[in-house]
Amino acid sequence: MSRNIFFLLGILLCAASAARAADGFVGHYGYLVTIPEGYSTSASFKEEAEVVLFFPSSCERSSFSECAKVGLLELTVLPKRWVKKDGISSFKQYIDAVVQGLLRMKAAPGVTRSKINGRPSAKIYMRGIPENLNAMLLLEGSKVYYRVKFRESVSEKTAAGLLSSLSEVQPGDTPPPQKR
C-alpha cells in the first residue's frame, strides 16, 4: 500500500512540475518569462531578433488590431552584438536609437527611465503613432536588449509583470538557425 502512495505522490509531483514549466516561455537567447495567466504565445525571428507575441488565449491571432485592444504584448529580444554594428554600445544609446526611430515615424515619444529587478529600464510612450501598440518597455539584459510593445491603456501592468518575471537562465547571443 505504501508503494502505491509513493507512486501517486510521484505522479502528482511530475504533474505539478509540468504545470509550472507550461507557465513559462524559454527563449532562444536563454531567458525565461512567465506567461501571463490566460495568455498564449507565438514566436518567430526577424533576422536575429526573436519576436514573441503574448496574446489572450481567447483572441484570434489573425486579428492583430483586435488583439491589441484586449492585451497583445510583443516581446522583441535583440542581441547586443547585433546592434553594435549600428554603433550602439550602451543601453542609453539603444534608448536614443529607439527614440530617433520613433521621431522619424512622426511619433512624439516620451521617455521615463527606471529599473526593473535592479536592471536599467525605460518606458517610452508613443503619441501620434497610428499603431495599436503605443507604448514600450525596454530592459537591458546581460547579452541582449528586451523590448515589450503594448497598448498603454490596456496592458501596462501585464507588460511590466512580464519583464519583472524575466530571468536569464542561460544568457546567450548565438544566432538563430538558418532556414534551408
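User: In what sense do strand 5 and strand 9 pair, and over how many bridges?

Analyst: Strand 5 and strand 9 pair in the antiparallel sense, over 7 bridges. Two strands count as paired if DSSP finds at least two bridges between them. Strands (E, at least two residues) and helices (H or I, at least four residues) are DSSP runs, numbered from the N terminus. This is a predicted model, in which local features need pLDDT of at least 70 and side-chain atom pairs count only at pLDDT 80 or more, while totals for chains, interfaces and linings use all residues. Residues are numbered from 1 along each chain as its sequence is written, and side-chain values use heavy atoms, with hydrogens and water left out.

User: Which residue in strand 9 is the bridge partner of Val 77?

Analyst: The bridge partner is Tyr 146. Leu 139 also stands opposite Tyr 146.

User: How many bridges join strand 8 to strand 9?

Analyst: Strand 8 (residues 135-140) is joined to strand 9 by 6 bridges, and the two run antiparallel. A hairpin of 3 residues connects them.

User: Is strand 9 mostly covered or exposed?

Analyst: Strand 9 is mostly covered, with 7 of its 7 residues buried. Buried means under 20% relative accessible area, exposed over 50%, and partly exposed in between (1.4 Å probe, protein chains only).

User: Which residues are on each side of strand 9?

Analyst: On one side are Val 144, Tyr 146, Val 148 and Phe 150, and on the other are Tyr 145, Arg 147 and Lys 149; all are buried. In a regular strand the side chains alternate between the two faces of the sheet.

User: Changing topic: how much space lies in the largest pocket?

Analyst: About 410 Å³. On a 1 Å grid over the protein atoms alone, a pocket is an open set of points with protein on both sides within 12 Å along at least five of seven lines, and lining residues have an atom within 4 Å of a point. Grid points are joined across faces, edges and corners, and the volume is the space filled by probe spheres set on the points.

User: Which residues are closest to its centre?

Analyst: Of the 20 lining residues, the closest to the centre of the largest pocket are Leu 78, Ala 97, Val 98, Gly 101 and Arg 147.

User: Which element gives the largest share of the lining?

Analyst: Helix 4 gives the largest share, 7 residues. The elements that give two or more residues are strand 5 (73-79), helix 3 (80-83), helix 4 (91-104) and strand 9 (144-150).

User: How does the lining of the largest pocket divide into nonpolar, polar and charged?

Analyst: The lining has 12 nonpolar, 2 polar and 6 charged residues. Ala, Val, Leu, Ile, Met, Phe, Trp, Tyr, Cys and Pro count as nonpolar, Asp, Glu, Lys and Arg as charged, and the others, Gly among them, as polar.

How values were computed: 1 Å grid on protein atoms, 1.4 Å probe; cavity = no way out; pocket = protein on both sides within 12 Å on 5 of 7 lines; lining within 4 Å.
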